[in-house]
Amino acid sequence: MDTLSNGIKGSLVSEKEELSLFDPKLFAEEEELITEEHCFGHCRVTISRRGSEWQHTQLTALVLWPAAEVLCHHLVNLSEQFRGMRVVELGTGVGLCGIVLRASSKASLVVLTDGDGESVALAQSNILRNNFTPESCRCCRLGWDAADPVVELATELSAPAAEPFNVVIASDCMYSSSSLQPFFSCAAKLLHGSPDPLLIQAFRVRSFTTAEQIQLCAHSAGFEEAGHVLQGKPDDPSAVHLVSYRLARAEVA
């Protein structure tokens, strides 16, 4: 067991959450962004986001969720281990986790990705707000169903060659059963060919997924759980799971 996983195990719990239908009244007036400073140990970043009233709409990616903060604290604690690494974030939302990793470490490249155009625009503005250059931190649109996400990102970044990533990070991406297989499949493709591939994610188990589904989809994509930390009590539906995986084998297309 390595230091990235800490060797701590926790049991998965389920959570009953219902997502309400999109409320068009939220667009009656132009919504103002909330801009605030976030501190994680020695790391300070400034992030703009939508308010909590957006949590139960179709634009949930524009707000911050507790799992993102749990992941940020973990990334800052491991910052030295990302030195020289190529890191990609899936489902970045407003970009907090990827920006914190870039701000706290000497990773060679951090690429934030999301399938939603509004999220990409907001995350990119947050990157610029924290004064990162495009050579060190960028945000690109990427769907988890991409046939070859490494090539797709290389094209987006105008990179001379398509190179695998060393680390994939994500927070609160386990929100529906239909999203699990595409998520883990995309992560495996991004990491394939890296000498020591690692996936780190934080999430809450929701009513639309089960612990068994998450574990099965991770395993079927070639991942083996390396560490599991439960932030909260086992019977608390708001508990956040911090899980690291090693890619044991390449996914069979």
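## Cysteines without disulfides

The structure holds zero disulfides, a disulfide being a pair of cysteine sulfur atoms within 2.5 Å. The sulfur of Cys 137 has its closest cysteine sulfur in Cys 139, and because the two are 8.2 Å apart, they are too far for a bond. Cys 140 is in no disulfide either; the nearest cysteine sulfur belongs to Cys 139, 6.6 Å away.

Cys 137 is buried, with a relative accessible area of 1%, and Cys 140 is buried at 2%. Buried means under 20% relative accessible area, exposed means over 50%, and partly exposed lies in between, with a 1.4 Å probe and protein chains only.

## Basis of the values

This is a predicted model, in which local features need pLDDT of at least 70 and side-chain atom pairs count only at pLDDT 80 or more, while totals for chains, interfaces and linings use all residues. Residues are numbered from 1 along each chain as its sequence is written, and side-chain values use heavy atoms, with hydrogens and water left out.

## The protein as a whole

The protein has six helices and nine strands. Helices (H or I, at least four residues) and strands (E, at least two) are DSSP runs, numbered from the N terminus. Of the 253 residues, 52% count as buried. The protein exposes about 11,700 Å², and carbon and sulfur atoms supply 51% of this area. Accessible areas come from the Shrake-Rupley method with a 1.4 Å probe, and for residues only the protein chains shown count as cover.

Contact means heavy atoms within 4.5 Å. Among the contacts with a separation of 6 or more, 71% are between residues 24 or more positions apart.

Which way do the side chains of strand S6 point? Val 167, Ile 169 and Ser 171 point one way, Val 168 and Ala 170 point the other way, and all are buried. In a regular strand the side chains alternate between the two faces of the sheet. Strand S6 covers residues 167-171, and five of its five residues are buried.

Strand S6 is joined to strand S3 (residues 86-90) by four bridges, and the two run parallel. Val 88 stands opposite Val 168 in S6. Strand S7 (residues 198-203) is also parallel to S6, with five bridges between them. Two strands pair if DSSP finds at least two bridges between them. The bridge partner of Ile 169 in S7 is Ile 200. From S6 the chain crosses through helix H5 (residues 177-191) to S7, in a right-handed β-α-β crossover. Right-handed means that, with the strands pointing away from the viewer, the path from the first strand over the helix to the second runs clockwise.

Ser 171, in strand S6, is buried with a relative accessible area of 11%. Not counting residues up to four places away in sequence, Ser 171 touches Ala 67, Ala 68, Leu 71, Gly 91, Cys 97 and Ala 202.

## Aromatic rings

The whole structure contains six aromatic pairs. Rings of Phe, Tyr and Trp (its six-membered ring) pair if their centres lie within 6.5 Å; planes under 30 degrees apart count as stacked, over 60 as edge-to-face and the rest as tilted. Phe 184 and Phe 223 form a tilted pair, 6.1 Å centre to centre with 55° between the planes. The pair links distant parts of the chain, with Phe 184 in helix H5 and Phe 223 in strand S8 (residues 223-231), 39 residues apart. Both Phe 184 and Phe 223 are buried.

Why is the pair of Phe 223 and Tyr 245 edge-to-face? The ring centres of Phe 223 and Tyr 245 are 6.0 Å apart and the planes stand at 65°, so the pair counts as edge-to-face. Phe 223 in strand S8 and Tyr 245 in strand S9 (residues 240-247) are 22 residues apart, and this pair too links distant parts of the chain. Trp 144, Tyr 175, Phe 183, Phe 184, Phe 223 and Tyr 245 form one aromatic cluster.

## Two further residues

Ala 226 is in strand S8 and is buried, with a relative accessible area of 10%. The C-alpha atoms of Ala 226 and Tyr 245 are separated by 5.0 Å, although the residues are 19 apart along the chain.

Gly 115 lies in the loop between strand S4 (109-114) and helix H3 (117-129). At 43% relative accessibility, Gly 115 is partly exposed. Leaving aside neighbours within four places in sequence, Gly 115 is in contact with Arg 141 and Leu 142.
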